[in-house]
Amino acid sequence: MIDAAGFKLWNSTAMGLYLTCLEPGEMLVEGRGTRVRDSAGRWYLDARSGFWNVTLGYSHPALVEAVKRQVETLPYASLWGYGRPASLAVETAAMLSPHLPGDIDMVKFQSNGAQAVETAALLSRHLHLLGGRPQKNAVVAMWGGFHGFGPGASALTGLPYLHYHAGPLLPEVIHVPGPFAPIGETGTPDLVRVVSDYGPERVSAVVVEPVIGEGGHVLGAEYLRQIADFCREHDIHLIVDEVTTGMGRMGAYTRSEQLGLAPDILTLGKGLTGGYVGMSAVCLSRGLYQQLLDAPVERFFASGSTHDGHPLGLAAATAVIRVLNEEKIFQNVQAQSLTLQTRLEQLAERHESVSAVRGAGLMFAVEFAASGDPWFTNKVRLAMEARGVLVAVLNSVPAIMIIPPLIVSAEEVAEIAHALDGALADLANGWEPAGPPMKGFV
Ligand SMILES: Cc1ncc(COP(=O)(O)O)c(C=O)c1O
C-alpha cells in the first residue's frame with residue numbers, strides 16, 4: 001500500500017481512503033477504444049466509460065484529430081467577453097441545434113455539468129424576475145436525483161449527504177419523491193401533488209433526470225408527460241438534465257426526443273465531448289431566449305466562466321456530432337442495450353445476491369440484496385476488476401452501474417456479463433479482495 005503521506009493529490013472522498021488504498025502500478029496511463037491500461041501494464045474493459053463520459057472510446061481518430069488540429073490553430077477564445085468568440089462556437093451550436101428536442105434551439109456552452117444545471121436553475125429564476133413574477137423562485141427536484149456538486153447543483157441533488165456538509169446551499173429548493181417503486185403509467189407523479197400543495201405560483205422550475213443515474217430508475221413517458229403538462233399549465237420551466245442521458249447514451253441525441261418530451265431548458269455534458277475535454281451546454285427555446293433579448297440592457301443574464309465553450313471542447317463536440325451522425329452509434333446502443341439487459345436479467349435469476357436490474361440505453365444498475373456486509377457492492381466492483389472489467393459503484397444505493405462506451409461490441413457485452421457472473425460466484429464462495437474492502441469506494 002502506498003504511504004498516504006506520499007501523495008500530494010487528494011480527491012473528494014469523505015473517507016479519504018481512495019488514494020491511500022491504491023497500490024503502485026494501479027494508476028491509469030493509456031486508453032485505446034473501450035480499454036484502459038494501468039502503469040503495471042494490465043488492460044481493463046472500461047464498463048464505466050471513465051466517469052460515464054468517454055462515450056466514443058479512448059482513441060477515436062476523429063476526436064483525436066479534431067482536438068489536435070484545434071490546439072494547433074486556436075487553443076483558446078473567450079465566449080464571455082469582448083465580442084470575439086471562436087467561430088467554431090457558432091458552428092458547433094448550429095451543428096447541435098437540429099438534434100435538440102421540441103422548441104429547443106439556442107445553445108450556451110459551459111464547462112461542466114453541475115455548472116450547466118446551476119445556470120439552468122438561475123436562468124429560470126431570472127426569466128421570472130424579468131417577467132415581473134419575483135415570487136416564483138422555488139426550484140423542484142427529485143429525491144435520489146444527481147445534478148453535480150456546487151451550491152446550486154448539490155442543493156438540487158436529492159442525496160441528503162450532499163446537503164449536510166456545506167450548507168446552507170441554494171435556498172428555495174424543494175425535493176419530491178422520485179418514482180423509486182415501479183409506477184403505473186397512469187399514476188399521478190408525487191411532484192404534481194407536492195407542488196400543488198406548496199403553491200405552483202411560487203415555483204420557478206422543475207428539474208428532472210429522465211433516467212436517474214443513481215440507481216438506473218427510468219422515468220416513464222407518461223409520467224414525464226404529466227409533469228410537463230403540469231409545468232406548462234402553471235408557467236413553471238421544465239429543465240431536463242441530460243448531462244448523462246444526452247449525446248447518445250440512450251440511443252438517441254436526447255432521451256427527451258425519444259419520449260416526445262419538450263423541455264424549456266435542457267442541459268448536456270459528459271458525452272458532449274466524449275470526455276476528451278470538459279464542456280457542457282445549457283440549451284433553451286428561442287422563445288425564452290427572446291425574453292432575454294427583450295430585457296433592458298442592465299438586466300442581462302450574467303453567467304460565464306473563463307473556460308466556458310473552450311475551443312478544444314468545441315472541436316471535440318463537432319467530432320462527436322459527426323461520429324454520432326455517421327457511424328451508426330445509436331443503432332449499436334439500441335442493439336447492445338437489449339443484449340446487456342437480457343444478460344443482466346438472466347444473471348439476476350442465477351444469483352440470489354442480485355435484487356434488481358434497472359436502466360435504459362447503455363446505462364444499467366445492478367442492485368444487491370442486503371448481505372450484512374457493508375462493503376459488498378464495492379467487493380463486487382473489485383472482483384470484477386480482478387477479472388479485467390471496470391464498473392462504477394454508487395454510494396447511496398447498493399448497486400454497481402454498468403455504463404460502457406457506446407461503441408461496445410456484443411462480445412464485450414458478453415465479457416462484462418461474464419465478469420459479473422464470475423465475480424458474484426467468487427463472492428458467494430468467500431472471495432475477499434487482497435486490499436481493504438473499501439478500496440476505490442467513491
Ligand atoms: C445527471 C447529471 N447532471 C449533472 C452532473 C454533473 O456533471 P459534472 O460532473 O460534469 O459537473 C452529473 C454528473 O454525474 C449527472 O449525472
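User: How many cavities of 30 Å³ or more does a search of the whole structure find?
Analyst: Two cavities of that size turn up. Keep in mind that this is a predicted model.

User: How much space lies in the largest cavity?
Analyst: About 40 Å³.

User: Which residues line the largest cavity?
Analyst: The lining is made of Met142, Gly145, His147, Val207, Val208, Glu209 and Ile212. By type, four of the lining residues are nonpolar, two are polar and one is charged.

User: Switching to rings. How many aromatic pairs are there in the whole structure?
Analyst: The search gives three aromatic pairs. In one of them, Phe146 and Phe149, the ring centres are 5.4 Å apart and the planes stand at 75°, so the pair is edge-to-face.

User: Phe149: buried or exposed?
Analyst: Exposed, because its relative accessibility is 52%. Phe146, at 26% relative accessibility, counts as partly exposed.

User: And Tyr253 with Phe330, what are the distance and angle there?
Analyst: Their ring centres lie 5.2 Å apart with the planes at 85°, so this pair is edge-to-face.

User: Where do Tyr253 and Phe330 lie?
Analyst: Tyr253 is in the loop between strand 10 (237-241) and helix 9 (255-259), while Phe330 is in helix 12 (residues 329-350), so the pair ties together parts that are 77 residues apart in sequence.

User: Are those two buried or exposed?
Analyst: Tyr253 and Phe330 are both buried.

User: Last topic, charges over rings. What sits over the ring of Tyr198?
Analyst: The charged end of Arg202, 4.0 Å from the ring centre.

User: What about the ring of Phe51?
Analyst: Lys270 has its charged end over that ring, 4.2 Å from the centre.

Key: Residues are numbered from 1 along each chain as its sequence is written. This is a predicted model: local features need pLDDT of at least 70, side-chain atom pairs count only at pLDDT 80 or more; totals for chains, interfaces and linings use all residues. Side-chain values use heavy atoms; hydrogens and water are left out. On a 1 Å grid over the protein atoms alone, a cavity is a set of points where a 1.4 Å probe fits but cannot get out, and a pocket is an open set with protein on both sides within 12 Å along at least five of seven lines; lining residues have an atom within 4 Å of a point. Grid points are joined across faces, edges and corners, and a volume is the space filled by probe spheres set on the points. Ala, Val, Leu, Ile, Met, Phe, Trp, Tyr, Cys and Pro count as nonpolar, Asp, Glu, Lys and Arg as charged, and the others, Gly among them, as polar. Rings of Phe, Tyr and Trp (its six-membered ring) pair if their centres lie within 6.5 Å; planes under 30 degrees apart count as stacked, over 60 as edge-to-face and the rest as tilted. Buried means under 20% relative accessible area, exposed over 50%, partly exposed in between (1.4 Å probe, protein chains only). Helices (H or I, at least four residues) and strands (E, at least two) are DSSP runs, numbered from the N terminus. A charge sits over a ring if NZ of Lys or CZ of Arg is within 6 Å of the ring centre and within 35 degrees of the ring normal.
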